[in-house]
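Hi,

Here is the structure I promised to pass on. My notes on it follow below.

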Amino acid sequence: TPQRGPGGFDLLTGASWGVSFWPTRAWLTADVQHRLRFGGASNGVRLRVEGGGFVISRVGGALVAEFQAAYGREQQQPPGAPAPVPRVLGLGAKLFVDVYAGLGLSSDFLWLPEVFNDGAGWRVGLSLTWERR
């Protein structure tokens, strides 16, 4: 079991850009976020690229690449301080389904190889989304 830190609070600010390849029902998006960790001197900048599309009717998928460079990391923090923001380089996939009237469900999986990250692992997420049409 990986060692867990004491937790903490982050403030995430960012921007996103995307383009649709209509009529193929495919798209490409790019996000940039700044992650400010309160209570410590550790922060990060996250870049994420996603390309995907609907495969059949209301079901689709996407491939994802994510990079988060950490800066201001402190290794000798006082006890109880939030753990440093991790470095992240991940590759993953997302599966989603359009449920009804803009509501959707998605599940995403991100693989974090040990050679690039603070430790190897997986990140799994489940989401409920709504899109205005």
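V55 sits in strand β3 (strands are DSSP runs of E, at least two residues, numbered from the N terminus). With a relative accessibility of 67%, V55 counts as exposed, where exposed means over 50% relative accessible area, buried under 20%, and partly exposed in between (1.4 Å probe, protein chains only). V55 also belongs to a nonpolar surface patch with V59, V97, W130 and others, about 1000 Å² of accessible area together. Patch members have over 30% relative accessible area and no salt bridge, and their nonpolar side chains (Val, Leu, Ile, Met, Phe, Trp, Tyr) are joined within 5 Å; the areas are Shrake-Rupley with a 1.4 Å probe. β3, β5, β6 and β7 each put in at least two residues, and β5 gives the most, with three.

Before you go further: this is a predicted model, so local features need pLDDT of at least 70 and side-chain atom pairs pLDDT 80 or more, while totals for chains, interfaces and linings use all residues. Numbering starts from 1 along each chain as its sequence is written, and side-chain values use heavy atoms, with hydrogens and water left out.

On the fold: the protein chain has seven strands and zero helices. Its C-alpha trace spans about 55 × 30 × 25 Å along the principal axes. Of its 133 residues, 29% count as buried.

Now the charged pairs. A search of the whole structure gives eight salt bridges, meaning a side-chain nitrogen of Lys or Arg within 4 Å of a carboxyl oxygen of Asp or Glu. One of them is D10 with R35, with the closest N and O atoms 2.8 Å apart. D10 is in β1 and R35 in β2, so this pair ties together parts that are 25 residues apart in sequence. D10 is partly exposed at 29% relative accessible area, whereas R35 is buried at 18%.

D31 and R48 form another, at 3.8 Å from N to O. This pair links β2 to β3, with D31 and R48 17 residues apart. R48 is buried, at 15%.

Then there is E66 with R46, where the closest N and O atoms are 3.7 Å apart. E66 comes from β4 and R46 from β3, 20 residues apart. Both count as buried: E66 at 3% relative accessibility and R46 at 18%. Shared partners join D31, R46, R48, E50, E66, K94 and R123 into one salt-bridge network.

Cheers

Terms used
Helix = DSSP H or I, 4+ residues; strand = E, 2+ residues; numbered from the N terminus. Patch = residues over 30% accessible without salt bridge, like charges linked within 9 Å, V, L, I, M, F, W, Y side chains within 5 Å.
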